[in-house]
Amino acid sequence: MTHYECPKCGTHFDKNGWDLLKPHFFGKREEKCPNCGQSTFMIRHIGKI
Ligand SMILES: [Zn+2]
């Protein structure tokens, strides 16, 4: 189970399915936050919420 944490607002959200199709860099990924709409490098968490 992989999910991401927005460093701007602290929202945790899941990115399943197409997640593996996009590049990632050392545990951080540029994603758009579903809560605040910021496109930034999200903190990736694996195996825990
Ligand atoms: Zn956010």
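Four donor atoms surround the zinc ion at angles of 104 to 116°, which makes the arrangement tetrahedral. The class requires all angles to lie between 85 and 135 degrees. This is a predicted model.

Start with the ligands. The protein donors are the SG atoms of Cys6, Cys9, Cys33 and Cys36. They lie 2.2 to 2.3 Å from the zinc ion. Along the sequence, the donor residues follow the spacing C-x2-C-x23-C-x2-C.

Now take two of these cysteines in turn. Cys6 has a relative accessible area of 1%, so it is buried; the cut-off for that label is under 20%. Cys9 has 35% relative accessibility, so it counts as partly exposed.

Cys6 leads from the metal site into the core. Leaving aside residues up to four places away in sequence, Cys6 touches Thr11, Phe13, Cys33, Cys36 and Met42. Cys33 and Cys36 are also zinc donors. Phe13, Cys33 and Met42 belong, with Cys6 and Tyr4, to the largest nonpolar core. That core has 5 residues in all. Nonpolar side chains tend to be buried together in soluble globular proteins.

Next, look at the aromatic members of this core. Tyr4 and Phe13 are both buried. How many aromatic pairs are there? The count comes to 1. The ring centres of Tyr4 and Phe13 are 6.2 Å apart, with the planes at 35°, so the pair is tilted. Stacked would need planes under 30 degrees apart, and edge-to-face over 60.

Back at the metal, Cys6 and Cys33 are zinc donors, and Cys6 and Cys33 are also members of the largest nonpolar core.

Methods
Residues numbered from 1 in each chain as written. Predicted model: local features only at pLDDT ≥ 70, side-chain atom pairs only at ≥ 80, totals over all residues. Heavy atoms only, no water. Core = buried A, V, L, I, M, F, W, Y, C linked by side-chain atoms within 4.5 Å. Buried < 20%, exposed > 50% of the residue type's maximum accessible area, 1.4 Å probe, protein only. Contact = heavy atoms within 4.5 Å. Donors = N, O, S within 2.8 Å, 3.2 Å for Na, K, Ca; no water. Tetrahedral: all angles 85-135°; square planar, octahedral: opposite > 155°, others 65-115°. Phe/Tyr/Trp six-rings, centres within 6.5 Å; stacked < 30°, edge-to-face > 60°.
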